[in-house]
Protein chains: 2
Amino acid sequence: MTEVYVIGVGMTRFGKHPDRDAASLGAEAVREAIRDAGIGPRRIQAAYCGHVFQGMVTGQRVLAQIGLAGLPLANVENACSSGATAIREGYLAIRAGEYDVVLAFGTEHMTTRFSGALTPDKDDIEAAVGLTMPGVYAMRAVRYMADFGVRWDQLTAIPVKNKRNAALNPFAQFRKPVTQEAVLASRLIADPLRLLDCAPVSDGAAAAILASGRAARSLANGRGIMLAASALRTGQVETTPGSMSFEPLTRDTAGDAYERAAIGPRDVDFAEVHDCFTIAEALRVEGLGLFEPGTYPAAAERGEADIGGRLPINPSGGLLGKGHPLGATGVAQVVEVVRQLRGEAGDRQIREPKVGLAHCRGGKAAGVEGAACTVQVLVR
Amino acid sequence: MTEVYVIGVGMTRFGKHPDRDAASLGAEAVREAIRDAGIGPRRIQAAYCGHVFQGMVTGQRVLAQIGLAGLPLANVENACSSGATAIREGYLAIRAGEYDVVLAFGTEHMTTRFSGALTPDKDDIEAAVGLTMPGVYAMRAVRYMADFGVRWDQLTAIPVKNKRNAALNPFAQFRKPVTQEAVLASRLIADPLRLLDCAPVSDGAAAAILASGRAARSLANGRGIMLAASALRTGQVETTPGSMSFEPLTRDTAGDAYERAAIGPRDVDFAEVHDCFTIAEALRVEGLGLFEPGTYPAAAERGEADIGGRLPINPSGGLLGKGHPLGATGVAQVVEVVRQLRGEAGDRQIREPKVGLAHCRGGKAAGVEGAACTVQVLVR
């Protein structure tokens, strides 16, 4: 079976880029990934572009800007898992034996698409009556606190940690740490979620160059990081009482990834997870089996998930700190995991990690139809 | 190398479906493909959905309707080649050894997205000054006639043929033949293109079940049709004088497909090609190498491309006759090719074909950045 390696990564700074567009951001990230891989751009044989709101043939416009028009390219969309899905499709294309070097990138220019927060589709009846993303996650937070006896102030350890990490990340949208008091005093969005509990609207792009084992050996000079698993699942309707405070979808997708990578959650040294809201990080790390259900907020309070802790979570700053340009997010997670595994994460470097995990979950938030979940395992 | 077979196909009737949506149309097509394959739905291990304008997680909504939520699914977008790209990604996923049975479908409900014709993006500067799709193809028609000394009335043999074929296809949007006089008398859209020279706005969906050779042998009972090649390319800027009246992109993508399938254009018994406008069919069959440049209109006039002719083109009725719900089109072409190769095409059956080809080209029409082209070769 063909092994797949990440041999180059790049990303733009996330944030507001009013003078740019999705194609120009995408091209910047791809150029950086090519430079990082140290390969000639013509070594790339195929490409995948993840985005959500950028219109037709966005990836093709990026290829045109970097002089790679002509290549096979597919745009892929899986809501907030779009970038991760681009990586997965690249992984499959290499495993198919079709290509040795594949580019996977994600790009999103949200500030030109939304005047404020992400606007639901006009035919989304649930959102129209209040089940927007913040609305659903607020309900999940309330249920989680009730089910596990957790206080809200414990959960706010999560945004405090992620914004502290982001302050160490030159590519992050927010470079200032915040206090727990500041989180709790920020504007109420959907009770109990406040402004600093919510991922921002962001522009940005990220890219990764994937290669077969054979190509990685000749091109990457031992610097390749193995993409040991790239799992994807669609959400199912979850009607059991516990499904608001635990995520079977994340658990099942992680199960696929662990099986493929022949590891278990105990082997994971750190993870980038989809913390679109404060509560989301707890749901994800517990769904992944990295912490027992209901235990994460207290563990985060104790510093276990800090960069220097037992099991660092979102050392990049996560969505809350680094920003969340939808299509770029899943790729940017892989960028961070690769940099950490290479020991090139600078001030936020984790001590000698060997196994990193990246998790995304997009689409409908309440476990019903329309969710997409990805789990990728990377091994040094 | 794993071989890939199509073991089941299905589609909705194309047309105006004001009482339906993209998910419900997609579910109908998928159910029909599953029934056609004669398999239990749970045999499907992964899915790809092609669409352009249907918003986030459209494919996931289809899976939910047919009781297949949970599967890995990626939505793919390559403008008018979106459905074909879904098939290609399914083909790669099987060749990767990851799955034995993969569902590829496309769906589009255009009538709820556009009040009239397809509206260009508001940041599409070229379209704003007149380079809409009909505008570009009108220019290409004028250039083609000048370069090859072809009269416009010869080109109108194409819509007459395709609407005649569509009248024999119960899934087509238009079921009435038209005369050359009616084509020439229809409303002028972009000189010389008239209303009946343009593909309509359509709703519809189509689906195909793909299987590895191993699974096809056990499941399809010899009825599987081999997908011998599934090629994809992105357009490059074409500035040579001949690039308006000939398509290097189609030629190059076909070259990839012929090489993979180990055939040449002479081996092709019939083809479904992307006749979004009358002139487009000529550009495509000549780019594919099925007819010499500049010779197709006269050949079509002589009946060579008729169902009973030397090399039938668009026996389904093509986009002009069958309709063109963007994301569904590439899959519907494969549906037609499979039915023809099985000998199940009813009144429009071609005599004992062995090799069929499907071609799509989407995105920017003038060969510049943003085009996506697919060529698939199917063999009985």
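Predicted model: local features only at pLDDT ≥ 70, side-chain atom pairs only at ≥ 80, totals over all residues.
**Close-up 1. Helices α5 and α11 of chain B, packed against each other.** This pair takes in residues 133–148 (α5) and residues 278–287 (α11) of chain B. Their axes sit 9 Å apart, and the packing angle comes out at about 60 degrees. Angles from 65 to 115 degrees would count as roughly perpendicular, so α5(B) and α11(B) go down as oblique to each other. As for handedness, the two helices make a left-handed crossing. On the α5(B) side, look for B:Tyr137, B:Arg140, B:Ala141 and B:Tyr144. Facing them from α11(B) are B:Ile279, B:Ala280, B:Ala282 and B:Leu283. Sort this contact by class and you get seven nonpolar residues, one charged and no polar.

**Close-up 2. Where chain A touches chain B.** Here 40 residues of chain A are in contact with 40 residues of chain B. On the chain A side, the elements giving two or more residues are the helices α2 (58–65) and α3 (82–95), plus the strands β3 (73–77), β8 (225–234) and β11 (371–379). The class tally for this side of chain A reads 20 nonpolar, twelve polar and eight charged residues.

**Close-up 3. Strand β3 of chain A paired with strand β3 of chain B.** Zooming in on the strands, we find β3(A) joined to β3(B), residues 73–77 of chain B, by three bridges. The two strands run antiparallel.

Definitions and conventions:
Residues numbered from 1 in each chain as written. Chains lettered and ligands numbered in written order. Axes fitted to C-alpha atoms, helices over the stretch in contact; angles between N-to-C directions. Helix = DSSP H or I, 4+ residues; strand = E, 2+ residues; numbered from the N terminus. Parallel < 35°, antiparallel > 145°, perpendicular 65-115°, else oblique. Left-handed = near helix turned anticlockwise from the far one by under 90°. Contact = placed C-beta atoms within 7 Å. Nonpolar A, V, L, I, M, F, W, Y, C, P; charged D, E, K, R; others polar. Pairing = 2+ DSSP bridges.
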